[in-house]
Amino acid sequence: MSDQDLKARIEESLKLGRVGSSEWQSYTWKNELAEQRRRIILHLGEVLAEAETEHNPYHMLERAVGVAAVCMRRLIECRLVTDRFRETPLEVHEIDVKKDAEWREPFVSRTASEIFNNYDMTARRLERRTPKMISDKMLHARVIGILSGSAYLPDGLLIASDTQSKTQLFHFSPPEIAGIFDGFLEDEVRRTSDGYMDKDGQISGTRKVFAIRE
């Protein structure tokens, strides 16, 4: 390449401007998740204690659940948690729909209606779900409610996405929902590896990348 051609290429590249960027970092999302964890426990406690507040704790709780779910999703999608954590199911409790009741679709304006008609609120079962599945259901929550005073189940938070709600609800006591968030907050990536991989799984080509987080 001649000096003149090189100069022309440099001049053309300068016309394109600049793009600033960085590497994804976990602390930004973990800091926000920690704050939403605090808020969820706080507002859940306010409702259960029937505390007098200047704000509506239900409204604050709904917001906190949504923001927490975004943080969880970003930590997963940006590969800011270890592969082991991403692939390890977490313990959650679920409440099934009633098998002998006619389903009543909740009004769109309600965050948790028809609960006792649609669900068997006398029992919950322990399941194991991936972090992504849990965060997805929280992000698309159709049901957000608080159960209290039950003789069958502990006081806690009811959450279900629009599609999930047709089959079951998540049920979390305050320590259980805190434990889900703590799993994300306490997981720490210590080694990263990124590269290219071709369609045969060989480390070559530039069409597909691989990422390892340990």
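Biologist: What percentage of the 214 residues in the chain is buried?

Modeller: Buried residues account for 34% of the 214 residues. Keep in mind that this is a predicted model.

Biologist: How many helices and strands does the chain have?

Modeller: There are seven helices and seven strands. In sequence order the pattern runs α-α-α-α-β-α-β-α-β-β-β-α-β-β.

Biologist: Is the chain spread out or compact?

Modeller: Its radius of gyration is 23 Å, well over the 17 Å from the globule rule for 214 residues, so the chain is more spread out than a compact globule. The C-alpha trace spans about 85 × 45 × 35 Å along its principal axes.

Biologist: Back to the inside. Which residues have the most contacts inside the largest nonpolar core?

Modeller: Those are L33, I40, M72, I134, M138, L157 and F181, in a core of 31 residues. Elements giving two or more residues to this core include α2 (26-48), α3 (57-77) and α7 (174-186). The largest share, nine residues, comes from α3.

Biologist: And M72, what does M72 touch?

Modeller: Leaving out residues up to four places away in sequence, M72 touches L33, I134, S135, M138, I180, F181 and F184.

Biologist: Which residues does the second core include?

Modeller: That separate core has 10 residues, among them I115, Y119, L153 and A160.

Biologist: Changing topic: how many charges are there, and how far apart are their mean positions?

Modeller: The chain has 32 positive and 36 negative charges, with mean positions 4 Å apart.

Biologist: What about the surface?

Modeller: The accessible surface is about 13,500 Å², and carbon and sulfur atoms hold 49% of it.

Note on methods
Residues are numbered from 1 along each chain as its sequence is written. This is a predicted model: local features need pLDDT of at least 70, side-chain atom pairs count only at pLDDT 80 or more; totals for chains, interfaces and linings use all residues. Side-chain values use heavy atoms; hydrogens and water are left out. Helices (H or I, at least four residues) and strands (E, at least two) are DSSP runs, numbered from the N terminus. The radius of gyration is taken over C-alpha atoms; the globule rule is 2.2 Å times the number of residues to the power 0.38. Buried means under 20% relative accessible area, exposed over 50%, partly exposed in between (1.4 Å probe, protein chains only). Accessible areas come from the Shrake-Rupley method with a 1.4 Å probe; for residues, only the protein chains shown count as cover. Lys and Arg count as positive and Asp and Glu as negative; His and the chain ends are not counted. The place of a charge is taken as NZ of Lys, CZ of Arg, CG of Asp or CD of Glu. A nonpolar core is a set of buried Ala, Val, Leu, Ile, Met, Phe, Trp, Tyr and Cys residues joined through side-chain atoms within 4.5 Å. Contact means heavy atoms within 4.5 Å.
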